[in-house]
Amino acid sequence: MPDIYVAPSRKKKKTIKKEFSLKTRRNKEIKKIVDELGEKRTKKLFTSFIFLPKNITFETQESEEKIILLLRKHFITNVSWILITILMIFAPLILRWIPLLEFFPWRFKFMTIIMWYLMTTAFVFEKFLSWYFNVFIITDERIVDVDFVSLAYKEITETKIDKIQDITFTMGGAVRSLFNYGDVFVQTAGQIPRVEFEDVAKPDKVAKILNQLILQEEQEKIEKRVR
Amino acid sequence: MINFIENFLGFSVWGIVKLFFMLAIVLYIIFAVVIVRQVKLMGQTISDKNNYLISLIAWLHLAIALFVFLLAWIIL
């Protein structure tokens with residue numbers, strides 16, 4: 001016979017309550033890390049070091065997972081292609097002194113220049129996309145390295161925070177010291193033995209944040225509240 | 001010189017040059033379409049509130065490529 005009345009289970013309520021308390025506790029811990037680092041939330045549009053990014057999510061992000069840090073290569077690494085672009089913009093001026101296209105009718109000369117600038121645009125756009133979408137993400141659970149090797153190939157490397165064994169950062173050279181950027185190497189116990197964050201801004205802070213997250217993860221393990 | 005070649009071979013040299021130009025622009029349009037598609041995929045991988053701006057630039061880039069194709073077709 002079907003049940004006419006089924007009393008709501010208290011167990012379910014309890015688990016919801018427990019999950020909620022875990023969430024608030026976790027948020028408190030993240031807040032603690034933020035306070036300790038003394039770093040403010042980044043609000044700039046196109047930047048290479050975004051602390052606690054708002055409105056940014058990634059493909060494999062879980063509902064409760066929070067992005068702590070989103071890193072791109074330091075903006076100064078773009079200088080080489082920006083300089084090439086400037087040269088490309090002014091390159092057609094050479095035609096004034098070296099008449100390479102003199103035998104061309106004016107309409108062909110005009111189209112050649114237009115196509116040159118189209119190619120310049122493609123070059124700039126391609127380089128910018130490569131800088132903008134090749135990111136390193138540090139969440140409260142894992143680190144993710146998103147690489148778009150070419151227009152048709154993407155590679156995503158992920159490692160759980162609790163698998164991290166060792167963190168090293170390097171910042172050699174005059175330019176790197178001047179603009180405060182370098183490489184962060186993360187040694188892991190997982191299948192991918194080493195995750196590299198290349199040319200990231202403030203590598204010391206990145207290493208510090210990772211260390212804090214490892215400590216937090218260890219604490220969670222001790223208290224048996226691993227998700 | 002070009003007139004001589006045209007008279008000798010019996011076809012327009014600039015017609016062939018135009019063909020090469022058009023072919024190059026068609027290849028460029030294909031590249032622009034790939035970029036639009038790629039920006040969409042990249043945006044799905046990392047979704048950001050600024051993605052619409054990049055997507056807009058990609059579409060604008062494709063529109064310019066199509067405009068250049070039309071321009072080449074008319075003036076060459």
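In chain A, A:Ile138 stands opposite A:Ile143 of strand S5. The strand that faces S5(A) here is S4(A), and the two pair in the antiparallel sense over four bridges. They form a hairpin, with two residues between them. Strands are DSSP runs of E of at least two residues, helices are runs of H or I of at least four residues, and both are numbered from the N terminus. Two strands count as paired if DSSP finds at least two bridges between them.

The model is predicted: local features need pLDDT of at least 70 and side-chain atom pairs count only at pLDDT 80 or more, while totals for chains, interfaces and linings use all residues. Residues are numbered from 1 along each chain as its sequence is written, and chains are lettered from A and ligands numbered from 1 in the order in which they are written.

**The five-stranded sheet**

S4(A) and S5(A) belong to an open, antiparallel sheet of five strands in the order S1-S3-S4-S5-S6 (chain A). Strand S1 (49-51) and strand S6 (153-160) of chain A are at the edges with a single partner strand each, so one side of each has no neighbour in the sheet. The twist averages 15 degrees from one strand to the next. Four of the five residues of S4(A) are buried, so this strand is largely enclosed by the rest of the structure. Buried means that 20 or more other C-beta atoms, placed from the backbone, lie within 10 Å of the residue's own.

**The three-stranded sheet**

A further open sheet has the order S7-S8-S9 (chain A), also with antiparallel pairing. Its edge strands, S7 (164-170) and S9 (194-201) of chain A, each pair on one side only. Neighbouring strands are turned by 15 degrees against each other on average, direction ignored.

| Strand pair | Bridges | Facing residues |
|---|---|---|
| S3(A) and S4(A) | four bridges | A:Ile67 and A:Thr139 |
| S5(A) and S6(A) | eight bridges | A:Arg142 and A:Lys160 |
| S8(A) and S9(A) | six bridges | A:Val186 and A:Val195 |

Axes are lines fitted to C-alpha atoms, for helices over the stretch in contact, and angles run from 0 to 180 degrees between N-to-C directions.

Key:
Buried ≥ 20, exposed ≤ 12 C-beta atoms within 10 Å, placed from the backbone.
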